[in-house]
Amino acid sequence: MSIRYIVAEVRHEKNMTQKQLAKKAGVSTAMISFIENDKRQPTFYVIALIAKALDVTVDELVVIKDDTHRFFK
């Protein structure tokens, strides 16, 4: 699942608007909108700010496909 869906889903679960999340994370409302609409890929720093504002870990927001093992065979 893409970060755009996870941020939106967790935000809805926490009953937060984009504006509320943006304020709590210290980023612009436009940034949250861009992330949720897949128009921007957030930096790690922004992901960390959003995770803290949503009271979740960065791991919960970021899904990494584990295909690196193919390089070590």
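**Reading a predicted helical model**

Glu36 has its place in helix α3; helices are DSSP runs of H or I with at least four residues, numbered from the N terminus. This is a predicted model, in which local features need pLDDT of at least 70 and side-chain atom pairs count only at pLDDT 80 or more, while totals for chains, interfaces and linings use all residues. Residues are numbered from 1 along each chain as its sequence is written, and side-chain values use heavy atoms, with hydrogens and water left out.

Q: Why does Glu36 count as buried?
A: Buried means under 20% relative accessible area, exposed over 50%, partly exposed in between (1.4 Å probe, protein chains only). Glu36 has 10% relative accessibility, so Glu36 counts as buried.

Q: Which residues is Glu36 in contact with, leaving aside its neighbours within four places in sequence?
A: Contact means heavy atoms within 4.5 Å. On that basis Glu36 is in contact with Arg4, Val7, Ala8, Arg11 and Gln18.

Q: What are the buried residues of helix α2?
A: In α2 (residues 18-25) they are Leu21, Ala22 and Ala25. They cover an arc of only 100° around the axis, so they lie on the same side of α2. The arc is that of the directions from the helix axis to the C-beta atoms.

Q: What does the face of α2 turned away from its buried side carry?
A: That face carries the exposed residues Lys19, Lys23 and Lys24. The buried residues of α2 pack against α1 (3-13), α3 (29-36) and α4 (44-54).

Q: Which residues touch the most other members of the largest nonpolar core?
A: A nonpolar core is a set of buried Ala, Val, Leu, Ile, Met, Phe, Trp, Tyr and Cys residues joined through side-chain atoms within 4.5 Å. This core has 19 residues, and Val7, Leu21, Ile50, Leu54 and Leu61 touch the most other members. Its largest share, six residues, comes from α4.

Q: What sits over the ring of Phe34?
A: The charged end of Arg40 does, 4.4 Å from the ring centre. The definition asks for NZ of Lys or CZ of Arg within 6 Å of the ring centre and within 35 degrees of the ring normal.

Q: Where is the pLDDT below 50?
A: pLDDT is the predictor's confidence in each residue, from 0 to 100. The mean for the protein is 89, and 86% of its residues reach 70 or more. Over residues 69-73 the pLDDT is below 50, and this stretch has zero contacts in the model beyond near neighbours in sequence. Where pLDDT is low, the predicted coordinates should not be read in detail.

Note on methods:
Helices (H or I, at least four residues) and strands (E, at least two) are DSSP runs, numbered from the N terminus.
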